Amino acid sequence: MGFTGDGGVCALLRRAEGPEERRLLELFSYGLMAVGAASALLLCFIPMPYGRALIFPLLIRAGKPTPFFTFVLALLFCVFNGYLQGRSLTAYAAYPPGWLGDSCFIIGFLGWLIGMAINIHSDHILRNLRKPGETGYKIPRGGMFEYVSGANFFGEILEWFGFALACCTIESLAFALCSLFILGSRARQHHKWYLEKFEDYPKDRKIVIPFLY
């Protein structure tokens, strides 16, 4: 399956080709221009942490409990990073009037949007690997899982590097690099576990960066 296949990124983008979808995208872009660059970027940052903290736990089925120490570390990181990004965008970042039309913002915003779509789609695949009543582990297939073992991690890394490009701040770049190192390490562990657990695991599937790593 390629990027242009039924389960690839292009399939996700083709869903936004209808007149109603294009109108929604236009209204969304007008809304971003109305609130200003810093506020628009802050709105891009907020959904993911809150989604991870509040929505995603309600969607997943019962699994292994998270160690308390890991939970505390993740909470502290989210609180500190949330303050850092929010403070940076509201108090220090200054953007010219036409920043929302700048190539850095447009490319970064598209990267953020595509990364978020990949992340959400990959999480959906992982949540639905087992049907109700089934036990055991399965190989995730479909979407970006055809290319990498850590498809959800790849989506999140792409999302935050897009966010960093759109912001062009030291704080957002630091967050993107932290995401790369932390999620890249987790993806490597998952990839190694898949290879050890499944004899028929696709040998050409990369760890977290399609075709590269």
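1. Helices here are DSSP runs of H or I of at least four residues, numbered from the N terminus. With that convention, Phe211 lies in the segment after H8. The model is a predicted one, and the remarks that follow should be read as remarks about that prediction.

2. Most residues other than glycine have a negative phi. The relative accessibility of Phe211 is 55%, and because the cut-off for exposed is over 50%, Phe211 counts as exposed.

3. Cys168 likewise has a positive phi, near 55 degrees, although this residue is not glycine either. Cys168 sits in the loop that links helix H7, residues 151-167, to helix H8, residues 170-197. With a relative accessible area of 46%, Cys168 is classed as partly exposed.

4. How many disulfides does a search of the whole structure find? The search returns zero. For Cys104, the closest cysteine sulfur is that of Cys168, at 4.3 Å, which is too far for a bond, because a disulfide requires the two sulfur atoms to be within 2.5 Å. Cys104 is partly exposed, at 26% relative accessibility, and Cys178 is also partly exposed, its relative accessible area being 33%.

5. Along H8, the buried residues are Ser172, Phe175, Ala176, Ser179, Leu183, Gly184, Ala187, His191 and Tyr194.

6. How are H6 and H7 oriented relative to each other? The axes of helix H6, residues 103-127, and H7 come within 7 Å and cross at roughly 160 degrees. Angles over 145 degrees count as roughly antiparallel, and the two helices are therefore roughly antiparallel to each other. The crossing of H6 and H7 is left-handed. Sorted by class, the contact between H6 and H7 has 16 nonpolar, eight polar and three charged residues.

Terms used. Residues are numbered from 1 along each chain as its sequence is written. This is a predicted model: local features need pLDDT of at least 70, side-chain atom pairs count only at pLDDT 80 or more; totals for chains, interfaces and linings use all residues. Side-chain values use heavy atoms; hydrogens and water are left out. Buried means under 20% relative accessible area, exposed over 50%, partly exposed in between (1.4 Å probe, protein chains only). Axes are lines fitted to C-alpha atoms, for helices over the stretch in contact, and angles run from 0 to 180 degrees between N-to-C directions. Angles under 35 degrees count as roughly parallel, over 145 as roughly antiparallel, 65 to 115 as roughly perpendicular and the rest as oblique. A crossing is left-handed if the near helix is turned anticlockwise from the far one by less than a right angle, and right-handed if clockwise. Ala, Val, Leu, Ile, Met, Phe, Trp, Tyr, Cys and Pro count as nonpolar, Asp, Glu, Lys and Arg as charged, and the others, Gly among them, as polar.
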